[in-house]
Amino acid sequence: MPHIVFIHLNESAHEYFHMMAELHQYIKKLPLFIAVSKTKEYAYEAIKSQCYDYWLLPYNEYDIRKSLFKLNLKLGEEQKPPTLLLQSYKDCRYLNTEEIVYLQADNNATDFYMVDGSIISAYKTLKTFENNLPENFIRIHQSFIINISYISRINYGKGICTLKHNKHQLPFSKTYRNNIEFLKKTLSKNTISTLN
């Protein structure tokens, strides 16, 4: 997946905007679109279509440099591994999200299972963390959110996901079947298929 896509807006501009709107429906993380045109005619539609920037032809070096500096800042921020803060009264605990294998609901608390084997409890529900974790975390069950990086197997027959390190098996439910399909597609992007 490219980080940046340049779109030259001409008489087909409306088709490009339609394509971009459809991509937003089907792809979770899109590249940044930079629209290029001879006039400002399509600028409003480009903004509505969530283009990152709009360049006028002939190219202006100043505009290009501004865009590159903004992109450098944006891409640099995305590359840092996010840290999760678990705060309880005056105790602050910082977890590197890359070291979280999975989360498990425990009544009104959530247990974090870490790559080093430790278990850290937070006194908040699983739902609290579901929308605040990075994209590589997917809810597969009412009681489980899993880090995609640690999955070694998906068994549809038994309804379980197997983890890489300790071969621990977590169930997934039909309620989250769409998440499992997304998980399968994500894991399949960089795999060599040997279908029988």
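The model is predicted, with local features needing pLDDT of at least 70 and side-chain atom pairs counting only at pLDDT 80 or more, while totals for chains, interfaces and linings use all residues. Residues are numbered from 1 along each chain as its sequence is written, and side-chain values use heavy atoms, with hydrogens and water left out.

**Exercise 1.** Determine the order of the strands in the open sheet and state which strands stand at the edges.

*Solution.* Begin with the definitions: strands are DSSP runs (E, at least two residues), numbered from the N terminus, and two of them pair if DSSP finds at least two bridges between them. The 5 strands of this open sheet run in the order S8-S7-S6-S10-S9, with antiparallel pairing. Strand S8 (119–122) and strand S9 (137–141) each have a single partner strand and therefore stand at the edges, one side of each being left without a neighbour in the sheet.

**Exercise 2.** Classify the aromatic pair of Tyr 102 and Tyr 113, and locate both residues.

*Solution.* Rings of Phe, Tyr and Trp (its six-membered ring) pair if their centres lie within 6.5 Å, and planes under 30 degrees apart count as stacked, over 60 as edge-to-face and the rest as tilted. The structure holds 6 aromatic pairs; Tyr 102 and Tyr 113, at 4.4 Å centre to centre and 5° between the planes, form a stacked one. Tyr 102 lies in strand S6 (residues 100–106) and Tyr 113 in strand S7 (residues 109–114), 11 residues apart. Both Tyr 102 and Tyr 113 are buried (under 20% relative accessible area, 1.4 Å probe, protein chains only).

Note on methods. Helix = DSSP H or I, 4+ residues; strand = E, 2+ residues; numbered from the N terminus. Buried < 20%, exposed > 50% of the residue type's maximum accessible area, 1.4 Å probe, protein only.
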